[in-house]
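I opened this entry to keep track of what I looked up.

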Amino acid sequence: LGLTEKGEKHWKQVVDLVFAYCRLLQEQVELTKADDSNKSPMRRIWGEMSRLDQMFFHQTSPGGVYAYAPNLADRVLTYGTEKALSAGSMLNESEDTFPLEKTAETVKLLCPTNCIVERCSEEAWEEAM
């Protein structure tokens, strides 16, 4: 995470804000677990992201052939011929396919006791000396 000079002066508040957002994500996961319908905000956003990816996939040309060919060859090896073009595009995703358990596992790890905050700015070096 890169900070401006002003952000660097208030880095503790920035860290607090990041972890507040992580707590918000944890709360949303719990609400989504409790809500059996597909109307939770996380499922709705997942569905919106998938629809946007689908539109982008269908409206974008592959680009230059010399850059595209090696990328496509790598994708054929990684994903197989059936999914080489669409891998990573969320073409088969919807609110119903939201990976709630994987999201819950990942969000659970986003807590201060499981993270290291490292400052590498000039101001941080000056404070350390």
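Predicted model: local features only at pLDDT ≥ 70, side-chain atom pairs only at ≥ 80, totals over all residues.

**Entry 1: surface patch.** I started with a term: a nonpolar patch joins nonpolar side chains within 5 Å, taken from residues with over 30% relative accessible area and no salt bridge. I found one of about 310 Å², made by Leu1, Leu3 and Val18. I then checked Leu3 on its own. Leu3 sits in the segment before helix H1, which spans 5-9. Its relative accessibility is 36%, so Leu3 counts as partly exposed.

**Entry 2: confidence.** The chain has a mean pLDDT of 89. I noted that 100% of its residues reach 70 or more. Where is confidence lowest, and where is it highest? The lowest mean, 82, belongs to helix H6, residues 122-128. The highest, 94, belongs to helix H5, residues 100-108.

**Entry 3: nonpolar core.** Next I went inside. In soluble globular proteins, nonpolar side chains tend to be buried together. Which residues form the largest nonpolar core here? I listed nine: Leu25, Val29, Met42, Trp46, Met90, Phe98, Leu100, Ala104 and Val107. H5 supplies the largest share, three residues.

Met90 is placed in the loop between helix H4 (65-79) and H5. Is Met90 buried or exposed? Its relative accessible area is 16%, so Met90 is buried. I also noted its backbone: Met90 has a positive phi of about 55°, although it is not a glycine.

**Entry 4: salt bridges.** I turned to charged pairs. Side chains of opposite charge can pair when their charged atoms come close. How many salt bridges does the structure hold? I counted five.

I began with Glu8 and Arg119. Their closest N and O atoms are 2.4 Å apart. This pair links distant parts of the chain, 111 residues apart. Glu8 lies in helix H1, and Arg119 lies in the loop between H5 and H6. Glu8 has a relative accessible area of 9%, so it is buried.

Arg119 also meets Glu127 in a salt bridge, 3.0 Å from N to O. At 48% relative accessibility, Glu127 counts as partly exposed. I logged Glu8, Arg119 and Glu127 together, linked in a network of salt bridges.

Another pair is Lys33 with Glu30, at 4.0 Å from N to O. Both residues lie in helix H2. They are three residues apart, about one turn of the helix. Lys33 has 36% relative accessibility and therefore counts as partly exposed.

**Entry 5: Arg44.** I looked up Arg44 in helix H3. Its relative accessible area is 39%, so Arg44 is partly exposed. Which residues does Arg44 touch, leaving aside neighbours within four places in sequence? I found contacts with Arg51 and Glu95. I also took a distance to His10, 34 residues from Arg44 along the chain. The C-alpha atoms of Arg44 and His10 are separated by 34 Å.

**Entry 6: two exposed lysines.** I checked Lys39, in the loop between H2 and H3. With a relative accessible area of 73%, Lys39 is exposed. From Lys39 to Gln59 I count 20 residues in sequence. In space the two are 28 Å apart, C-alpha to C-alpha.

Lys108 lies in helix H5. Its relative accessibility is 67%, so Lys108 counts as exposed. Leu72 is 36 residues from Lys108 along the chain. The C-alpha atoms of Lys108 and Leu72 are separated by 35 Å.

Terms used
Residues numbered from 1 in each chain as written. Heavy atoms only, no water. Patch = residues over 30% accessible without salt bridge, like charges linked within 9 Å, V, L, I, M, F, W, Y side chains within 5 Å. Areas by Shrake-Rupley, 256 points an atom, 1.4 Å probe, with all protein chains shown as cover. Salt bridge = Lys/Arg side-chain N within 4 Å of Asp/Glu carboxyl O. Helix = DSSP H or I, 4+ residues; strand = E, 2+ residues; numbered from the N terminus. Buried < 20%, exposed > 50% of the residue type's maximum accessible area, 1.4 Å probe, protein only. pLDDT = per-residue confidence, 0-100. Core = buried A, V, L, I, M, F, W, Y, C linked by side-chain atoms within 4.5 Å. Contact = heavy atoms within 4.5 Å.
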